[in-house]
Amino acid sequence: MIYLDQAATSATRREVLEAMWPYLTGDFGNPSSHHAVGESAARGLADARSRVAAVLGVRASEVVFTSGGTEADNLAVKGIVLASRRGRHIVTSAIEHPAVLESCDYLARHHGADVTVLPVGSDGLVDPDRFAASLRDDTALATIMYANNEVGTVQPVEELARAARERGIPFHTDAVQAAGWLPLALDTLGVDALSISGHKLGAPKGIGALAVRARVPLEAVLHGGGQERERRSGTENVAGAVGLATALELAGAADVPRIAALRDDFIAEVLASVPGAMLTGSATHRLPGHASFCFPGTSGESVLLGLEARGITCSSGSACAAGSDEPSDVLLALGIPAEVAQTAVRFTFGDDITREQLATTAEELRVAVASVRSLG
C-alpha cells in the first residue's frame with residue numbers, strides 16, 4: 001500500500017511507542033497522586049512539557065496538554081474570547097478548521113460575539129491588508145490557521161500576527177498541519193497561541209497541545225480538578241504527552257527541501273498527464289507534503305475507490321466532516337463550483353515518501369480518472 005493520507009492521520013512511530021511504553025506499564029500512576037508511582041508519572045509529564053515547550057519556543061508553564069487539535073482550538077478561541085476585556089469581536093477566515101469556525105459560531109450564539117469571516121483568494125490566501133482593516137478596538141481575538149488541511153495553502157502568519165500585535169490583539173493559529181514541516185516557535189511567528197495535534201506527527205490519536213502566552217488571559221473550557229494550571233481539568237494523558245514530545249522532536253529532522261521537490265514534480269506530472277486536472281490551493285505557498293486536485297467530469301469518491309483498488313490510499317479532502325457528502329466549504333470559499341468541488345482528491349505524504357511511489361501514483365491516477373470518465 002502507498003499511504004497518501006497523512007493529513008488525516010499518520011502511523012505512530014516506533015520511537016514514539018517505545019518512549020510511551022514505560023508510562024503505559026510501570027509508571028502508570030496518576031501524576032496528581034502524592035506517592036512514588038504518581039510522582040514518577042508527574043516527572044514524565046513535566047519532562048514532556050519541557051520538551052514540547054522547547055520546540056514551540058515557550059516556557060513549560062505556557063504549554064497546555066489537550067486531547068488533540070480540536071480541543072486545543074476550542075480552548076484557544078473560547079478561552080481567550082471569554083477572558084477578554086476588549087470585547088467580543090473575532091476575526092477569522094472562511095477556510096478555518098471546523099474546530100475554529102464552530103467555536104466562533106458557539107460564541108456568537110451564546111455569548112453575543114461578533115464574528116468577521118474573511119474571504120480568501122482563489123489560492124486560499126488571506127489578504128493581509130483586508131485582515132488589518134478588519135481589526136477593531138473591541139477585537140478580542142484574531143485566529144487564522146497556519147496551513148490548510150484540505151488544499152495545503154500556507155498563510156502569511158507572521159505578517160498577519162504583526163498587524164494584530166500592533167493593535168494589542170491576541171493572535172491564535174491552528175498549526176496542526178504545519179507542525180513537522182514549518183517553523184513553530186511562537187516568537188518567530190509572532191503569535192500568542194498555537195494549536196498542535198499528535199496524530200499528524202507520528203504520535204497516537206488523543207493527544208495535542210495549546211501553547212499560549214502567560215500574558216494572555218485564558219478562561220477554562222473544561223472544569224474539574226484544576227489540572228494544567230486550572231486551564232484544562234482532567235487527569236493528564238502522561239503517555240500521550242511523552243509521545244507528542246518525542247514525535248515533535250523527530251519531526252524536526254524531516255528533509256523539507258527534498259519533500260517539496262518531490263511534491264512539485266508530482267504536481268507537474270499530474271497536471272501534464274491527466275486532462276483537465278486542476279491544482280487547488282496555492283502553487284507556491286503550499287505545505288511540502290501536500291498536493292490536492294479537482295478532476296472535472298469525475299466523482300472524487302469514484303477516483304478514490306479506483307486508486308484504492310490499485311493499492312493507493314488518499315482522500316477526497318478533510319477527514320473532519322464525518323459522514324458528509326456535501327462539497328467542501330474550503331473549496332467553495334476558493335470560488336470552485338460545487339460540482340467541481342465534488343471531484344476533489346487530496347494526496348498528503350510524510351518524509352518517508354519516495355520518488356518511485358509518487359511516480360506510480362501519478363500513473364495510476366491517470367488510469368483511474370480515465371476509467372471513471374469513460375463510465376460517464
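A residue is called buried when its relative accessible area is under 20%. The legends below describe a predicted model.

**Figure 1. Overall view of the protein chain, with 14 helices and 12 strands.** The radius of gyration is 21 Å, close to the 21 Å that the globule rule gives for 376 residues, so the protein chain is as compact as a globular protein of that length. The C-alpha trace spans about 65 × 50 × 35 Å along its principal axes. Of the 376 residues, 55% are buried. Taking contacts between residues at least 6 apart in sequence, 74% join residues at least 24 apart.

**Figure 2. The open sheet of 3 strands, in the order β9-β10-β12.** Pairing within this sheet is antiparallel. Its edge strands are β9 (278-279) and β12, each of which pairs on one side only. Strand β10 (residues 290-294) is joined to β12 by 5 bridges.

**Figure 3. The aromatic pair F266 and F347, one of the 5 aromatic pairs in the structure.** The two ring centres lie 5.3 Å apart and the ring planes meet at 75°; planes over 60 degrees apart count as edge-to-face, so this pair is edge-to-face. F266 belongs to helix α10 (residues 256-273) and F347 to strand β12 (residues 344-348), so the pair ties together parts that are 81 residues apart in sequence. Both F266 and F347 are buried.

**Figure 4. K78 and the ring of Y106.** The charged end of K78 sits over the Y106 ring. Its distance from the centre of that ring is 4.7 Å.

Notes:
Residues numbered from 1 in each chain as written. Predicted model: local features only at pLDDT ≥ 70, side-chain atom pairs only at ≥ 80, totals over all residues. Heavy atoms only, no water. Phe/Tyr/Trp six-rings, centres within 6.5 Å; stacked < 30°, edge-to-face > 60°. Helix = DSSP H or I, 4+ residues; strand = E, 2+ residues; numbered from the N terminus. Buried < 20%, exposed > 50% of the residue type's maximum accessible area, 1.4 Å probe, protein only. Lys NZ or Arg CZ within 6 Å of the ring centre and 35° of its normal. Pairing = 2+ DSSP bridges. Rg over C-alpha atoms; globule rule 2.2 N^0.38 Å. Contact = heavy atoms within 4.5 Å.
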